[in-house]
Amino acid sequence: MNDATWADGWLQRAQRIDSPHFGVRPEGTAISLAVIHSISLPPGEYGSDAIERLFTGQLDWDAHPYFERIRGLEVSSHFVVRRGGELQQFVSCDLRAWHAGLSSWRGRADCNDYSVGIELEGLEGEAFEPAQYDELARLLTELRCRYPLFGVAGHEHVAPGRKCDPGLGFDWPRLIEMLGWPRHFFPTEVAPPC
Ligand SMILES: [Zn+2]
């Protein structure tokens, strides 16, 4: 189904950058969860094209000492929200991106099967920009209009102890207030430290 907002799972107003890192969702799987992440490459450095390169399989692993630690990593996310609020999309929401890894949400395993991944350009423990909250709230609203979404969680909530993004710098009460959605959409517990 398409409308003016979406076309084949692509949000039309986002900058589209096709990633080869995706698969099909299991047949009949509804998209019910949004997983919030944070990423910066190298960690703490913003504004380069390293995230796009990683998600499109074009990162030069020798370009920075940190990249050696993730050499060969094949990952993607549906969306990235840059520090200035710019929105990029790498995988159609109708397809399965590789963002959550080993994970479960409310007792259900393999979040990649039924979730949309949203990366905020940032660093665990550090604050995010107001423009990123604005874009995130707008994006989640559009997702909920299009898909039967009934949950929003951090990577740290679906992979506790293994992942700790977006981390303590992410202001959940702020997002919850901006969206005005029922409280049960959101994490009820603080994720354990990694
Ligand atoms: Zn993550």
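**View 1. An open six-stranded sheet with mixed pairing.** The strand order is β3-β7-β6-β11-β5-β12 (strands are DSSP runs of E, at least two residues, numbered from the N terminus, and helices are runs of H or I, at least four residues; two strands pair if DSSP finds at least two bridges between them). β3 (15–16) and β12 (151–154) stand at the edges with a single partner strand each, so one side of each has no neighbour in the sheet. The model is predicted: local features need pLDDT of at least 70 and side-chain atom pairs pLDDT 80 or more, while totals for chains, interfaces and linings use all residues. Residues are numbered from 1 along each chain as its sequence is written, and side-chain values use heavy atoms, without hydrogens and water.

**View 2. The β6–β11 pair.** Strands β6 (residues 79–81) and β11 (residues 115–121) run parallel over three bridges. Phe79 lies opposite Ile118 in β11.

**View 3. The zinc site.** His37 (ND1), His155 (ND1) and Asp165 (OD) coordinate the zinc ion at 2.1 Å (donors are N, O and S atoms within 2.8 Å of the metal, or 3.2 Å for Na, K and Ca; water is not among the atoms, so sites may look incomplete). His37 in strand β5 and His155 in helix α3 (residues 155–158) are 118 residues apart. Both His37 and His155 are buried (under 20% relative accessible area, 1.4 Å probe, protein chains only).

**View 4. Strand contributions to the lining of the largest pocket.** β5 gives the most, with three residues. β5 and α1 (50–55) each supply at least two.

Key
Buried means under 20% relative accessible area, exposed over 50%, partly exposed in between (1.4 Å probe, protein chains only).
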